[in-house]
Amino acid sequence: MKIFYVSSYGKNDDKGIYILKFDKETLQMKLIQQIVTRDYPSYMITKDHILYIAYKNASSHNDGGGLGSFSIYQDELILNNNYSSSGRSYTHLCVADNQRYIFAANYHIGATASYELENKIITQKISAIRHKGLGPDLLKRQTSPHAHCVGITPDKQFVYSVDLGADKVVMYRYHQGVLMEDTDFTLNILPGSGPRHMIFSQDGKFAYLVNEIANNIMVFKYNEGRFSLIQAIHCIPRHFKGFSSASAIRMTSTGEHLFVSNRGHNSIAMYRVNKETGKISLLYMVHTGKDPRDFNILDDQYLIVGCQGDNKLQVLTFDEQNEKLLLSDSELEIPSPVCIAFE
């Protein structure tokens with residue numbers, strides 16, 4: 001049995017963090033507990049038995065949002081603290097290796113923030129920098145900056161912040177948690193792409209950027225803060241005429257396969273990774289429930305998908321050696337799931 005966590009944008013008391021068990025033999029999921037949260041938990045990560053939460057403000061007042069920290073003990077979550085951020089809503093976060101700092105992306109005002117951590121407690125905000133810029137998206141997703149993802153480069157030299165609204169990846173130097181943009185390294189993306197999330201290969205030589213608006217993946221060579229575009233590949237079929245927006249991107253622990261979820265086309269696209277060149281090739285797509293906003297990979301054998309529009313989780317099985325990704329019959333109703341996290 002494997003414990004995992006799902007964050008929910010459910011209405012009223014349906015929102016919060018759901019703790020579940022997954023049986024690898026039967027593929028069945030079982031709800032253990034729901035923790036109702038005041039705000040919407042938009043994103044979660046685990047690190048050294050701690051679950052960190054980014055909160056979207058659920059109030060009309062400037063007194064919610066922020067970050068949270070829970071200790072993981074067996075199948076329970078024990079609250080360390082929630083740090084309110086005066087109405088600031090966060091959609092993504094990452095934690096420094098020394099666990100002294102936590103960085104967060106604020107989609108709504110287009111900013112990147114840093115906070116201090118002491119013994120798993122979020123103690124104070126250190127800095128927050130608002131981005132500048134906009135893009136040409138006709139649906140008005142790019143009328144202002146929208147930081148959507150934050151991470152630390154493999155060489156630990158930069159905090160990067162992916163901005164969907166401004167079509168760029170802002171690169172920050174960080175000293176004692178204080179963020180300072182290094183404009184010589186900030187990466188400008190093709191206008192109208194709408195970059196959403198970015199991950200790196202295990203060896204740190206390649207970066208994979210999923211673009212929500214352009215519905216593609218850009219592959220970059222990465223070296224000492226510099227990005228060189230080597231490939232752009234679609235996430236949805238060219239013949240598909242409906243609306244779709246690419247969402248989550250994840251890679252197996254082997255680094256041999258990469259997946260992207262598509263909301264609208266409602267699918268998981270699977271790619272083979274050439275670990276020498278970094279380039280990827282599409283194998284095929286598996287249809288899912290409506291709006292697969294997030295998914296996560298367990299043991300390189302299972303994908304658990306959160307279908308926000310259908311209010312359910314689905315299980316896909318994955319045979320990496322034979323490159324077979326199959327949708328199983330296993331489902332579980334969860335209100336508006338938006339993020340999946342394993343310890």
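Two residues are in contact here when heavy atoms of theirs lie within 4.5 Å of each other. Keep that in mind as we walk through this structure, which is a predicted model.

Let's start with Leu67. Skip its neighbours within four places in sequence, and Leu67 still has contacts with Ile53, Ala54, Tyr55, Asn81, Asn82, Tyr83, Tyr90, Leu93, Ile102, Ala104, Tyr115 and Ile122. Leu67 also belongs to the largest nonpolar core, which has 29 residues; together with Leu51 and Leu77, Leu67 touches the most other members. The biggest contributor to this core is strand E5, residues 50–56, which supplies 6 residues.

His49 isn't a glycine, yet its phi is positive, at about 65°. With a relative accessibility of 52%, His49 counts as exposed, because the cut-off for that word is over 50%. Asn119 is another non-glycine residue with a positive phi, this time near 50°. You'll find Asn119 in the loop between strand E10 (111–118) and strand E11 (121–130), and Asn119 is exposed too, with a relative accessible area of 73%.

Now for the rings. A pair of aromatic rings is described by how far apart the centres are and by the angle of the planes. This structure holds 13 aromatic pairs. Take Phe4 and Phe342: their ring centres are 5.7 Å apart and their planes meet at 55°, so the pair is tilted. Phe4 is in strand E1 (residues 2–8) and Phe342 is in strand E29 (residues 337–342), so this pair ties together parts that are 338 residues apart in sequence. Both of these Phe residues, Phe4 and Phe342, are buried.

Phe200 and Phe227 make another tilted pair, with ring centres 6.4 Å apart and planes at 45°. Here strand E17 (residues 195–200) holds Phe200 and strand E20 (residues 226–234) holds Phe227, so the parts tied together are 27 residues apart in sequence. Phe200 and Phe227 are both buried. They also belong to a cluster, in which ring pairs link Tyr160, Phe200, Phe220, Tyr222 and Phe227.

Arg226 lies over the face of Phe185, 4.1 Å from the ring centre. Over at Tyr40, the charged end of Lys15 sits above the ring, 5.7 Å from its centre.

That brings us to charges meeting charges. Side chains of opposite charge can pair when their charged atoms come close. The count of salt bridges in this model is 12. One of them joins Arg272 to Glu323, with the closest N and O atoms 2.6 Å apart. Arg272 is in strand E23 (residues 267–273), while Glu323 is in the loop between strand E27 (312–319) and strand E28 (324–333), so the bridge ties together parts 51 residues apart in sequence. Arg272 is partly exposed at 37% relative accessible area, whereas Glu323 is buried at 18%.

Lys312 and Glu331 form a salt bridge as well, at 3.0 Å from N to O. Lys312 is in strand E27 and Glu331 in strand E28, 19 residues apart. Lys312 is buried, at 16% relative accessible area, and Glu331 is partly exposed, at 40%. Finally, salt bridges with shared partners join Asp137, Arg141, Arg196, Glu212 and Arg263 into one network.

Technical notes
Residues numbered from 1 in each chain as written. Predicted model: local features only at pLDDT ≥ 70, side-chain atom pairs only at ≥ 80, totals over all residues. Heavy atoms only, no water. Core = buried A, V, L, I, M, F, W, Y, C linked by side-chain atoms within 4.5 Å. Buried < 20%, exposed > 50% of the residue type's maximum accessible area, 1.4 Å probe, protein only. Helix = DSSP H or I, 4+ residues; strand = E, 2+ residues; numbered from the N terminus. Phe/Tyr/Trp six-rings, centres within 6.5 Å; stacked < 30°, edge-to-face > 60°. Lys NZ or Arg CZ within 6 Å of the ring centre and 35° of its normal. Salt bridge = Lys/Arg side-chain N within 4 Å of Asp/Glu carboxyl O.
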